[in-house]
2 protein chains.
Amino acid sequence: MNGHAVPPPGTQTLARGLDVLRAVAGGATDLKAVCLETGIGRSTAHRLLQLLDQRGYLRSSQGVDYSLGPTLIELGFHALYQSPVPTVARPILEQLVNKYHDTVHLAVEDGGKVLYVDKISGSRGAEMRSRAGYRMPLSRTGIGKALLLDEPERWAEMFDEDHAEAVPAPEIRAKFLSRMRVYAQQGTTLDLEENEPGIRCVAASVRNGSGAIVAAISISATNPYMPMDRMRALVPVMHQTALSISKKLGYSGTLRDMS
Amino acid sequence: MNGHAVPPPGTQTLARGLDVLRAVAGGATDLKAVCLETGIGRSTAHRLLQLLDQRGYLRSSQGVDYSLGPTLIELGFHALYQSPVPTVARPILEQLVNKYHDTVHLAVEDGGKVLYVDKISGSRGAEMRSRAGYRMPLSRTGIGKALLLDEPERWAEMFDEDHAEAVPAPEIRAKFLSRMRVYAQQGTTLDLEENEPGIRCVAASVRNGSGAIVAAISISATNPYMPMDRMRALVPVMHQTALSISKKLGYSGTLRDMS
DNA sequence: AAACCTCATCCGTAATATTGGGATAGGGTC
DNA sequence: GACCCTATCCCAATATTACGGATGAGGTTT
C-alpha cells in the first residue's frame, strides 16, 4: 500500500518518521491509524510520534488527535521563499486577476505532479477547489502541460501514468500528443475540461535565466466564462505575462541550456 | 550550539534527520555546512541528505546546493488548512485591508514564539519585512501580546526570555506587566515601536468555540500613518473584527473553558 | 599542463541505537 | 463496578546505524 521506491539502507528510522508524517497528512489522527497506515509497530510508531510532536512537526492534544504541526508551516513557507519565482510572480499575477477577473494559478513540477504554489481567486464564477500546496496530474491540466513543453520524451509516459485507471482510446492519446506539439511551438497550452468537467484554462510556461521551464501560470474559469474565442484571445495575454515573469527571473531570450 | 531540549531515546536518527532539515533551512547548502551546523559525521549526514532529497523534503542539483524542497511546501499548506482559522479569517481580513489600507497579519503561537500564518500587505507605506511562516518574539509584538492575554502567569517569563540579550531597566518590565493587565481587560493590544522602531500596530485576540485564544490579528503601519488617536480609533475596529472571526469559529460569548 | 586541494560519494565492520512484545495506566462505555 | 480500548513505558535480542578510511570527480593554484 505504501508505494515508496527504494528505502535506502541506513535510514530506516528517518524513512519511517517521514512515513508517519505522511500518514498524519493523509488523515490518520491516532496511534492505531498511523500503525495501520504505515505498517509500523505500536511502540515504534508511538516513539516517532512523540518526537515529531515535540519538535512541532505534529500537533496533538496530550497524545491523541494528531494533526500536522506549525513547524511544517514555518518550513513550508521557508521552502516557498527560497525560490524567487513566487515572489516575483505575485504582483504580476495580481494585475492579471484585476484585469480579467478569473482565477489565476502558479505551479511548479514536483515528482511527476503539478504542485500549486500560489492561487489568486477571481471575482466571479464558482470558487475553485484547488489550493496552494495541492497536487494535480501533469498531463490533465493546462498548467501541467505547460510545465512539460520542453520535454517531448515525457509526454507519452505522463499521459499513460495519468490515465492508468481508465485507459482511453488510442486516438485520444494520439490527439493529446499532436496537441502538445502545437502547444510547444506557441509556448502556451489549453485545458478543455480534461481534468475537471466544466473548467477550462489557458496556461503558459515560465523560464529562468538559463531558459529552463521552472514554473507555469494559468487562468481558469467555468466554461460559460471561457468560450473558445475568449481562450484564443487569452493565449497572447498569458504568453506575455509568463514572459514578463521569466524576464524578471533573468530569462534573456530563447537560449535553452541543455548542457 | 544546538539547543534542543532532550533528544528522546530511540529516535536518534529521526532527530538527526530533522536537525539536517533545520540546518538547510538555516542556510546550509552543502554537506560540509550541514555537518558543522549539526555536529553529525560526514557519512551519516550524507545518507540523511540523500533520503530527504529523494522524498522531496530537500531539493538539490546532483548532491550540491541543497535547499528546502517541494514536499515541505505541500505539507506546510496542508498543515495550514487543517486549521479552520486561516480560511475563515482571510475574507474578513481582506475587508479590513480594503477599508484601512494598512498591512494586516494573522498569527498563532508556536513554541513560545509568534508564528505568522497570513499576511496581507497594505496599499501604502513601506512594505514590511514580515512574511507568513516567520517567527517573532511574543512579548515584543502587538500580535504576540494578544496571544498571551489569557495567561498572566507567562507574561513575566516571556518578557524575560525576549529581553535576555540586553536586560532592560526594572521599570520597563513593570510597565510592560501593568500594560498587559489593561490590554487583557479590553481584549486588544498595542505595539508602540517596541520590536521594530518606526512600526506601530493594534492587535486583538481570536477565540475558538471553547473560548480559548487560538490566534490573533494585527494591523500595522509606520508611525506617520499611526498617530495615537488613529490607534485609539482602531482599537474597537480590531476588537470587532477579531470577534467576527471568533464567532465564525463557534465562539459564543465570554465562556472560557479552563478544564 | 600537471599537481594539489576540497568536496561528495561509497564501503565494511564494530558498536550502538532501534525494535516490538509484553506489562502498566488512564479513560470511556456498557 | 467491570470491561474494553487506547496511549504509554520498559527491557532484552537484534538489526540498524555510525564512522573512518578509500575512491573519484571537479576546480584551483603553481
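Which group of DNA strand C is 2.8 Å from an N or O atom in the side chain of B:His46? It is a phosphate oxygen of DNA strand C.

## Basis of the model

This is a predicted model, in which local features need pLDDT of at least 70 and side-chain atom pairs count only at pLDDT 80 or more, while totals for chains, interfaces and linings use all residues. Residues are numbered from 1 along each chain as its sequence is written, chains are lettered from A and ligands numbered from 1 in the order in which they are written, and side-chain values use heavy atoms, with hydrogens and water left out.

Of the atoms of DNA strand C that come within 4 Å of the protein, 75% belong to sugar and phosphate.

## Interface of chains A and B

The contact (heavy atoms within 4.5 Å) takes 51 residues from chain A and 51 residues from chain B. The buried area, which is the accessible area (1.4 Å probe) lost by the two parts on being put together and summed over both, is about 4800 Å², with carbon and sulfur atoms giving 64%.

Across this interface the rule finds 6 salt bridges (a side-chain nitrogen of Lys or Arg within 4 Å of a carboxyl oxygen of Asp or Glu); one of them joins B:Arg135 to A:Glu74, with the closest N and O atoms 2.6 Å apart. On the side of chain A that touches chain B, H4(A) gives the largest share, 12 residues.

## Relation of the two copies

With copies superposed by least squares on the C-alpha atoms of residues with pLDDT of at least 70 in both, chain A can be laid on chain B with an RMSD of 0.1 Å by a turn of 180 degrees and a shift of 0.0 Å along the axis. The two copies are therefore related as by a two-fold rotation axis. The same surface serves both, since 100% of the contact residues of chain A recur in chain B.

Terms used. Near = heavy atom within 4 Å. Polar contact = N/O pair within 3.5 Å; in protein donor to acceptor, adjacent residues only side chain to side chain. Helix = DSSP H or I, 4+ residues; strand = E, 2+ residues; numbered from the N terminus.
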